[in-house]
Each structure stands twice: as C-alpha cells, then as structure tokens.
Amino acid sequence: MATPRLITPAGKTIELSAETYKQIQKILRAKKRTMTKAQRIRHIEATFGKYAGKTSLTRTLLAERKAELAREEARIRRKHA
C-alpha cells in the first residue's frame with residue numbers, strides 16, 4: 001500500500017501515518033451531517049504538531065524530489081544518447 005499523503009491548499013504534500021489518515025477520513029465523512037465546525041477544529045488541532053521534533057517532512061520531500069530529478073535527467077540522457 002502506498003503511503004497516504006495530504007496535499008494542503010498551498011500545494012505542500014505531507015506524508016501521513018495510517019492512524020492519522022484514518023482520523024482524517026473519519027472527520028471528512030462526519031463533516032457532512034453530525035460534526036459542528038468547532039468539533040472539526042478540535043479534531044484537527046488534536047493532531048497539530050504531532051510530528052514536531054521528528055524527521056523533517058520538508059527535508060524528506062526535497063530529497064525525494066532530488067532523486068526524482070536525477071532519474072528524469074538519466075532517462076533524458078539515455079533517450080538522447
């Protein structure tokens with residue numbers, strides 16, 4: 001199974017744990033009828049900062065992008081060789 005990711009309105013991609021992904025799904029499903037805006041905010045705030053102090057997701061994304069660019073450049077070189 002692929003790692004679940006959340007794309008923010010600003011376009012930032014954040015990798016999520018399976019537990020966090022399930023919590024977000026629960027919030028989105030419940031949003032339609034039963035949860036008030038205040039309840040949704042409390043759910044979101046409960047996980048805010050959860051990964052502070054751990055491996056930087058930005059650093060991981062930059063490393064992933066660097067590897068992706070290297071693969072793309074290698075593919076282009078092979079194609080034009």
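Is R5 buried, partly exposed or exposed? R5 counts as partly exposed because its relative accessibility is 42%, where buried means under 20% relative accessible area, exposed over 50%, and partly exposed in between (1.4 Å probe, protein chains only).

The model is predicted, so local features need pLDDT of at least 70 and side-chain atom pairs count only at pLDDT 80 or more, while totals for chains, interfaces and linings use all residues. Residues are numbered from 1 along each chain as its sequence is written, and side-chain values use heavy atoms, with hydrogens and water left out.

Five salt bridges are present in the structure, each defined as a side-chain nitrogen of Lys or Arg within 4 Å of a carboxyl oxygen of Asp or Glu. Among them are the following.

| Salt bridge | Distance (N to O) |
|---|---|
| E15 and R5 | 3.6 Å |
| E64 and R5 | 3.6 Å |
| E72 and R65 | 3.6 Å |

R5 forms a salt bridge with E15. This pair links distant parts of the chain, with R5 in strand β1 (residues 5–7) and E15 in strand β2 (residues 13–15), 10 residues apart. Helices (H or I, at least four residues) and strands (E, at least two) are DSSP runs, numbered from the N terminus.

R5 also forms a salt bridge with E64. Here strand β1 is linked to helix α3 (residues 57–80), which holds E64, and the two residues lie 59 apart in the chain.

E15 is partly exposed at 26% relative accessibility, and E64 is partly exposed at 31%. In the pair of E72 and R65, E72 is partly exposed with a relative accessible area of 29%, and R65 is partly exposed with 38%. Shared partners join the salt bridges of R5, E15 and E64 into one network.
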